[in-house]
Amino acid sequence: MNVNSSSPSVFWIRNGDSIPLSRVPFYTPEDFRRICLEQVYSGGRLALLSSVPALYGRKGGKTLLALAADDENGKIGVLCADLEEKNSYLSLSSEIPQAQGFEREIFEEQGILPKNHPWLKPLRKQETPYPFFKVKGEGIHEVAVGPVHAGIIEPGHFRFQCSGETVHHLEIQLGYQHRGAEELFLRSSPERRLVISESFAGDTVIGHALAYCMEIEALSKSEPPLYAHILRGAALELERISNHIGDLGALCGDIGYLPGAAWFGRIRGEFLNWLMELSGNRFGRGLLKPGGVRFNLSAQQTENFLIRLDKAERDLKETAELTFNHPAVCSRFEETGIVSRAAAEALGMVGPAARSSGCERDVRRDHPFGIFRFYHIPTAAADTGDVMARAVLRWLETERSIQFIREQLTGLLEQSLEVELQTEIQKMSPEHLAVSMVESWRGEILHLAVTTSKGEITGYKIVDPSFHNWFGLALALRGGQISDFPLCNKSFNLSYSGHDL
Amino acid sequence: MFKLLKARLHQGYQTSRFPEAEIKLPERFRGKPVLDPAPCQENCSACAAVCPTQAITLDPFQIDLGACLFCPLCQEVCPEKKIHYTPDYHLAVNSKKDLKISEKEAKLAEALKTEMLKVLGRSLKLRQVSAGGCSGCEAELTALGNVVFDLSRFGIQFTASPRHADGIAVTGPVSKNMEAALRETYAAVPSPKIVIAVGACAISGGPFAGAKAALLGIPEDIPVDLYIPGCPPHPLTILDGLLRLLNRIKGSPSPFQKSGV
Ligand code: SF4
């Protein structure tokens with residue numbers, strides 16, 4: 001299916017663009033709804049549905065805002081609805097389930113009611129008793145887990161509806177991590193914003209900080225130097241690799257395959273240490289700033305990285321080969337926690353979790369940004385949608401990211417590119433809207449910013465990939481066993497803090 | 001099986017010899033800041049103005065490591081290069097006032113009282129509570145369990161139940177939605193018990209200080225025995241702090257260790 005890109009219904013922009021607010025089309029709630037449905041039915045995707053107070057009153061009253069991603073053509077459609085003074089509109093979730101979380105958020109934060117929403121539960125707010133979905137019948141029992149878990153992990157509550165060992169339904173109740181990050185971000189200084197963006201999700205420091213920097217660069221029409229793009233790209237891929245192999249280790253640990261757990265775990269540390277050598281922090285904090293990067297990579301550092309990269313790759317290959325050929329691993333990973341392609345599409349899932357179910361979407365390819373406008377990393381995909389697919393995909397992506405880093409670093413050495421860390425940031429355009437998307441290791445990060453007539457940020461919206469994917473984890477458990485949960489959970493490894501903000 | 005053994009030989013022995021042998025952190029690593037005692041230019045407050053968490057006071061000139069995110073902005077803006085972040089990762093202390101670093105020698109964490117040491121010194125079980133943590137500190141606590149740091153060799157372990165624990169290690173600014181769970185977990189740990197604040201958030205709110213849905217770290221009425229600064233702290237900072245608390249590391253690090261060279 002093809003999205004009709006010439007359709008006048010939305011205003012098309014590209015990743016990293018900013019547009020004057022006067023270009024944003026406003027519709028009646030009915031037309032807005034029709035256009036959103038049209039976009040999704042013809043192969044598009046709701047990357048964002050929100051109600052940004054900074055846009056209130058631009059027409060009559062409160063406002064809805066949607067970003068419909070057309071991945072095939074690398075475009076993002078912007079449109080708004082003017083709700084006038086009304087506090088409600090007709091919900092989209094029954095037709096397009098990917099809207100469900102967004103609509104709950106709109107209701108919870110702005111008090112705008114999506115009428116006929118299938119079940120308007122709290123998203124982050126704690127409500128007691130929480131209205132869990134209940135399965136009824138003989139022999140049905142409930143298992144409750146969390147918010148504080150047995151391991152070292154962020155808090156969240158899981159409610160299983162089972163008969164015997166079979167899980168009929170899993171409901172995931174989040175919000176324990178809600179700190180008010182978006183609201184704080186908005187009233188903070190630019191310096192503070194940068195460090196907050198590094199802490200939306202602490203395992204995705206580069207991903208979120210990059211999306212924030214891209215916002216500022218889009219709004220001020222600044223282009224970082226190529227050298228900075230290369231280091232940013234390398235850091236993003238180091239973050240991907242370290243998380244992917246950390247998760248592979250954790251998956252091995254869960255099924256008691258200790259060589260995999262120990263070795264993947266150790267090699268993960270190597271990649272974090274490189275980020276530390278580059279940025280002074282194991283997660284890359286402090287590396288990025290609007291306009292470029294703070295640190296360079298000396299020729300000696302680069303050579304040293306390249307040698308160690310080869311060794312780490314050999315060690316990883318050895319470990320991956322042993323792991324994925326081990327009968328115990330295969331029998332435990334295969335056919336566990338299946339998410340169908342149809343479900344992944346309906347939920348609007350992103351990142352490796354979506355690609356493992358055959359939904360081939362990758363911001364680096366579909367909406368290229370930074371260095372990925374010049375260099376393409378082949379997208380990996382699988383189609384079985386089980387734990388095995390999610391595990392193997394992480395490994396395939398790791399290999400490709402290593403290759404990318406190797407080529408970029410070799411290029412740096414050979415071309416002796418001028419070391420130019422940053423360009424100066426100009427004043428931000430007044431009354432503009434900017435969208436930035438980054439393919440982080442978990443998938444699509446989206447940031448959206450709106451400026452005042454003085455060019456100051458007055459509206460900001462953050463979507464962590466986890467926001468799209470938590471429901472996928474719930475579906476993965478259907479028909480499975482509770483004992484599959486740790487494995488499924490690790491194969492997704494979603495962020496609580498990124499969701500709760 | 002043969003392949004596995006071969007791989008085992010190839011992967012080798014990876015556990016560090018810390019604390020007997022010091023680990024050297026890279027030059028760029030931002031650990032303890034050193035403040036130059038020479039007087040500043042008149043009316044300069046560049047560092048304090050730029051600091052995202054108001055960690056710097058000028059009179060007296062101090063950096064509060066409980067709030068500092070080691071972001072290097074202050075080092076970058078100081079016209080006289082008076083602030084210098086060194087790779088010295090020994091940062092853990094016992095009290096909030098020791099977190100304030102000035103031009104003078106900084107104090108490090110001391111051991112628990114003898115009675116506590118008798119109970120906990122050789123085996124310490126901790127329950128981890130993430131209360132609004134971004135998963136950075138959590139990741140470094142997890143990393144302590146990997147083969148390089150191998151926390152268990154010191155008799156320290158993270159346990160699945162507060163009833164089995166000797167204390168809690170708290171991360172995050174304490175989101176309001178987690179305050180009750182944190183208090184319940186603390187109450188469920190049998191006495192005597194200890195509390196460890198891991199990272200800037202748990203100590204002061206960190207980057208989230210002032211957020212409407214979070215507190216400013218661990219509430220005042222829960223007594224904290226060990227503060228571990230950082231955003232997040234390096235695993236060695238955590239390990240060093242824990243071992244000092246258990247009297248397994250004493251005294252100040254040698255100059256060799258301090259400079260990290
Ligand atoms: S390094 Fe610490 S004290 Fe210096 S500006 Fe950053 S947070 Fe503030």
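In helix α6 of chain A, A:Asp247, A:Ala250, A:Leu251 and A:Asp254 meet A:Pro486, A:Leu487, A:Lys490 and A:Ser491 of α15(A). Contact here means heavy atoms within 4.5 Å. Helices are DSSP runs of H or I with at least four residues, strands are runs of E with at least two, and both are numbered from the N terminus. The residues of this α6(A)–α15(A) contact divide into four nonpolar, one polar and three charged. Nonpolar covers Ala, Val, Leu, Ile, Met, Phe, Trp, Tyr, Cys and Pro; charged covers Asp, Glu, Lys and Arg; the others, Gly among them, are polar.

This is a predicted model, in which local features need pLDDT of at least 70 and side-chain atom pairs count only at pLDDT 80 or more, while totals for chains, interfaces and linings use all residues. Residues are numbered from 1 along each chain as its sequence is written, chains are lettered from A and ligands numbered from 1 in the order in which they are written, and side-chain values use heavy atoms, with hydrogens and water left out.

Axes are lines fitted to C-alpha atoms, for helices over the stretch in contact, and angles run from 0 to 180 degrees between N-to-C directions.

| Helix pair | Axes come within | Crossing angle |
|---|---|---|
| α6(A) and α15(A) | 9 Å | roughly 175 degrees |
| α6(A) and α7(A) | 8 Å | roughly 160 degrees |
| α4(A) and α5(A) | 8 Å | roughly 145 degrees |

The axes of α6(A) and α15(A) cross at roughly 175 degrees, which makes the two helices roughly antiparallel.

Helix α6 spans residues 226-254, and its axis crosses that of α7(A) at roughly 160 degrees. So α6(A) is roughly antiparallel to α7(A) as well. Their crossing is left-handed: the near helix is turned anticlockwise from the far one by less than a right angle, where clockwise would be right-handed. On the α6(A) side the contact includes A:Leu231, A:Leu238, A:Ile245 and A:Cys252; on the α7(A) side it includes A:Phe264, A:Phe271, A:Trp274 and A:Leu278. By class, the contact of α6(A) with α7(A) has 15 nonpolar, five polar and two charged residues.

Helix α4(A) covers residues 190-197 and α5(A) covers 205-220. A:Pro190, A:Arg193, A:Leu194 and A:Ser197 of α4(A) meet A:His208, A:Ala209, A:Tyr212 and A:Cys213 of α5(A). That contact divides into five nonpolar, two polar and one charged.

**Pockets and cavities**

On a 1 Å grid over the protein atoms alone, a cavity is a set of points where a 1.4 Å probe fits but cannot get out; a pocket is an open set with protein on both sides within 12 Å along at least five of seven lines; lining residues have an atom within 4 Å of a point. Points are joined across faces, edges and corners, and a volume is the space filled by probe spheres set on them.

The second largest pocket has a volume of about 850 Å³. Of its 34 lining residues, A:Met276, A:Glu277, B:Leu25, B:Pro26 and B:Glu27 are the closest to the centre. Elements giving two or more residues are α7 (258-279) and α8 (299-324) of chain A with α3 (73-77) and β4 (83-85) of chain B. α7(A) gives the most, six residues. The lining divides into 13 nonpolar, 10 polar and 11 charged.

There are 11 cavities of 30 Å³ or more. The largest cavity has a volume of about 140 Å³. It is lined by 18 residues, with A:Asn281, B:Phe29, B:Arg30, B:Pro232 and B:His234 nearest its centre.

**Backbone geometry**

The peptide bond from A:Thr128 to A:Pro129 is cis, with omega near -10 degrees. A cis bond also joins B:Asp59 and B:Pro60, with omega about 0 degrees.

Key
Parallel < 35°, antiparallel > 145°, perpendicular 65-115°, else oblique.
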